[in-house]
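Subject: Structure for your review

Dear colleague,

Please find below the structure that I am handing over to you.

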Amino acid sequence: MIEAREFGVRERNGIDLETGEPAVSGAVRELAVVRVPVLVLALLAVEVMADGATHDLFYYLLAAGGLFAAGALWLAFSGRGPALPWVLYVGIDIVLLSALLYTSGGGDSPIRPLFVLLPLIGVLSYSRYWTAVVGCIALLDFLVVAAIHSAAEGGPSVASIVVFSLFIGLGTLGATLPVHAVAQRQRAKAELEQRANLLAEQAARAQAEAVAETVGKLQRITDVTLSQLSLEELLREVLGRIGDVIHSDAAAVLVAADDLTLRASCTAGLNGVRNGTRLEAGQGFPGRVAQAREPITTAARAEEDELSLAFTEQGASSLLGVPLTVDERVIGVLIVGAGDGRELGQVDADLLRLAADRIALAIQRAQLYEREHFAAQTFQRSLLPERLPEIPGLMVAARYMPAREEAKVGGDWYDVLELPGDAVGLAMGDVVSHGIRAASIMGQIRSAMRAYAFDDESPGDTLTKLNAVMRGLDQRETATAVYLALDLAERTLCLASAGHPPPLLIDPAGSAELLEAGRSVPLGVDAGTRYPEAVERLEPGSTILLYTDGLVERRGSSLNEGLERLVSEATGQSAEPGPLCDRLIGALLGDQPPLDDVAVLAAHVVSVPEERLELELPCRPSTLAPLRRTLQHWLSGVRPSGDELQDILVAVSEAASNAIEHAYGPVEASYRVEGRLAGDRVSVTVTDSGSWRERRGLDRGRGTALMRGLMDGFEVYPSEAGTVVQLERRLGSRTGA
Amino acid sequence: MSAQADIHTTSDAHGVVIARIAGEIDTSNAAGVGDRLTAAVPNTAPGMVLDLSELSYVDSSGVELLFRLGERLEDRRQRLAVALPEGAPIARVFEIVRFREKLPLVGSVAEAGVLLRGDSL
């Protein structure tokens, strides 16, 4: 169809550009420009040669030809051309013209047979090449006839020639035009059909592509849901992808809680919507979607619930809500919003509805998984000490990090025990397996360990008994454990380890050393194991670090490398336990989540300054015994006699008991103990925030009597803010007392 | 943590309960120690001897518990005697609160036993 007939711009390739119908105007114009003059001239020549010998039949035939031409024209222009086969037009045309020629008496012209060809040429000339050929022949013809005419004298009048020529021209025109028109219409029809086929093909392809795209979009929205993400991560990811695929500006997922209220669980592109924003059942646009169980599109402005208002605020004008259903139960609602005049329509709704089914399943799975994981984690956490005891003279801190990778619950545990006498127990262990089972074993070991430790068993004996406990458990498990008993007064530590990574001791100068002594096989390996123990010096100012292997194990490096790194990172870090734990975890694990769960426990032995002692203790009777240990430790430098030490301990304890009794109210109060050593003078001040009074019950001032009697100086300074008790004792002043 | 006190009870040929208290007594455990001691004396026993030779610490709350224990036993027509070696570090507490004015305080369990038997006879 490159061979376009550029006679007008309304049509192209035989198709009317405005109506899309086959066009005939091109053919008409062509005939008017080229063929009509040629035919008129040719028939004029015939008449000239006929010498006026025209039959009456000629005129009848001419009239019939005119009618035929008019009818054919009407058929052509009314679009009914194809009602008659084009062969019929051509046949009639040939017969008519031939009859005209013979009845016109155009005698013996040598070129006469050529005129019979004229209609045929008309038929053939539906391409522009044939039109040119016909034009040339006709021109040649005209020149020959004109030459003959000028040679013959006495021809017909000019007027008769003109009229006759017009009749003949119109007749021929009428005969050839439909042929043209029909041919062209058929070509155009074929072309239209072809084009229609092409369009249909394109439409089919587009549809197939659309389906593929929809599937692809679905895939993009939901493939993420196959991976194991936490609910929050899952929702955030899904919302992000929905935004990319639907080209929405904001989106939110509301998840149904147990009480059938919807809570905003995750939003994207929305400000001002708290997670947890509640919508009662049926309330607002999301509630309506949940009730309808069908996707709903709405204008954002028409909605007044908190969520829709937030969408409006972000410039969303069109909202689409899709219910998230699992087994016909609505577990949530997905809302997307689009602004900038974009309307969310059926296509988006269909796509989201498909995606919603998968999202709902993924949400349910994530919820279940989180619930289970949360239960296991809660269980495990419940087995770790909620808070560590406050031990005068010892600062302790612990950190526990669950393994992130497979979100598994580990079996790491630790404990800090205030033991009878001057001892403090530090324990840590790691059950080999994972999950609820590991956590339960860990709980049993921890309880058994506490029991033996309080029974004053030495670390070696404690582990030996724990080993027996492990062997007695139904589940055959092994576990590592390390147990240290610190004697703060004697400044020693005794340790035993059952296959646990060696504790780290950082001395006051900052040099770090792994305590390799006292090690044996893990618990549960061999029933007959007797666990050895080792004793080490524990200077004030040093720090002990217990940890599980998760701290020193890294993919692609050996355990020894990990231990070396730990030692080098810990060197020079004998300091506050909390920051120390954080620093070591940061240095050894970096930002990577640990492969295994990690427990770290650090204890720093406070070096008591020689002259000053400052303590702040909670108002609980349980602080009295540790307070006495600390005082004893503090006074050891000035070597008081047994009686002197006893007197000071009793007096300070009495003052502290008063302070504890003074503490009332729901807020836990604390009291302060400040000691000063100046030469042979020991002075201790006990301050509380209550008002002074004698203790109740049968005490009857015995505490006051003791303080006065045991000390050289005893003063009470009561005030609004609290009570200050000042005690003073000169050492060596009561020899023989 | 609370102060620790271990109580070990026996009885002599006359049914006198002898309770040896080792460890410490302060406000954190005084009430508990008092209850345990009260429970250790059957109604049939003529009395109780407290052996404080291994008690390393006691303050006014401990003294108060002993006085209360004495009163409770007295209500039950039973006697209480305390044995504490002379010169023990905690002895000064008993001196200052004038313990002897309320309850018998002697140097040894044997003396206390004799004292109780003598009284009851």
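Predicted model: local features only at pLDDT ≥ 70, side-chain atom pairs only at ≥ 80, totals over all residues.

The interface between the chains

Chain A and chain B bury about 2,300 Å² between them, and 55% of that area is on carbon and sulfur atoms. In terms of residues, 30 from chain A are in contact with 26 from chain B. Between chain A and chain B there are four salt bridges, and seven residue pairs are in polar contact. On the chain A side, H15, helix H16 (642–662) and helix H17 (702–710) each supply at least two of the residues that touch chain B. H16(A) gives the most, with eight residues. Sorted by class, this side of chain A has 13 nonpolar, six polar and 11 charged residues.

Asp26(B) and Arg628(A) form a salt bridge in which the closest N and O atoms are 2.9 Å apart. Asp26(B) lies in the loop between S2 and H1 of chain B, while Arg628(A) belongs to helix H15 (residues 624–635) of chain A, so this pair joins two chains. Both Asp26(B) and Arg628(A) are buried. A network of salt bridges links Arg628(A), Arg629(A), Glu24(B) and Asp26(B). Another salt bridge brings together the side chains of Arg92(B) and Asp647(A), at 2.8 Å from N to O.

Salt bridges within chain A

Over all chains, the structure holds 23 salt bridges. One of them is between Asp348(A) and Arg342(A), at 3.8 Å from N to O. Asp348(A) is buried, with a relative accessible area of 12%, whereas Arg342(A) is partly exposed at 28%. Glu539(A) and Arg537(A) form a salt bridge as well, with their closest N and O atoms 3.3 Å apart. Here Glu539(A) is partly exposed, with a relative accessible area of 33%, and Arg537(A) is also partly exposed, at 48%.

Helix H1 of chain B

Which residues of helix H1 (residues 30–39) of chain B are buried? They are Ala30(B), Val33(B), Gly34(B), Leu37(B) and Thr38(B). These residues lie on the same side of H1(B), because they cover an arc of only 130° around the axis. In general, an α-helix has 3.6 residues a turn, so residues three or four places apart point the same way. Among the elements covering the buried residues of H1(B) are strand S1 (5–11), strand S2 (17–25), strand S3 (47–51) and helix H2 (60–75) of chain B. The face of H1(B) turned away from its buried side carries the exposed residues Ala31(B) and Ala39(B).

With kind regards

Key
Residues numbered from 1 in each chain as written. Chains lettered and ligands numbered in written order. Heavy atoms only, no water. Buried < 20%, exposed > 50% of the residue type's maximum accessible area, 1.4 Å probe, protein only. Helix = DSSP H or I, 4+ residues; strand = E, 2+ residues; numbered from the N terminus. Arc of directions from axis to C-beta. Contact = heavy atoms within 4.5 Å. Buried area = accessible area lost by both parts, 1.4 Å probe. Polar contact = N/O pair within 3.5 Å; in protein donor to acceptor, adjacent residues only side chain to side chain. Nonpolar A, V, L, I, M, F, W, Y, C, P; charged D, E, K, R; others polar.
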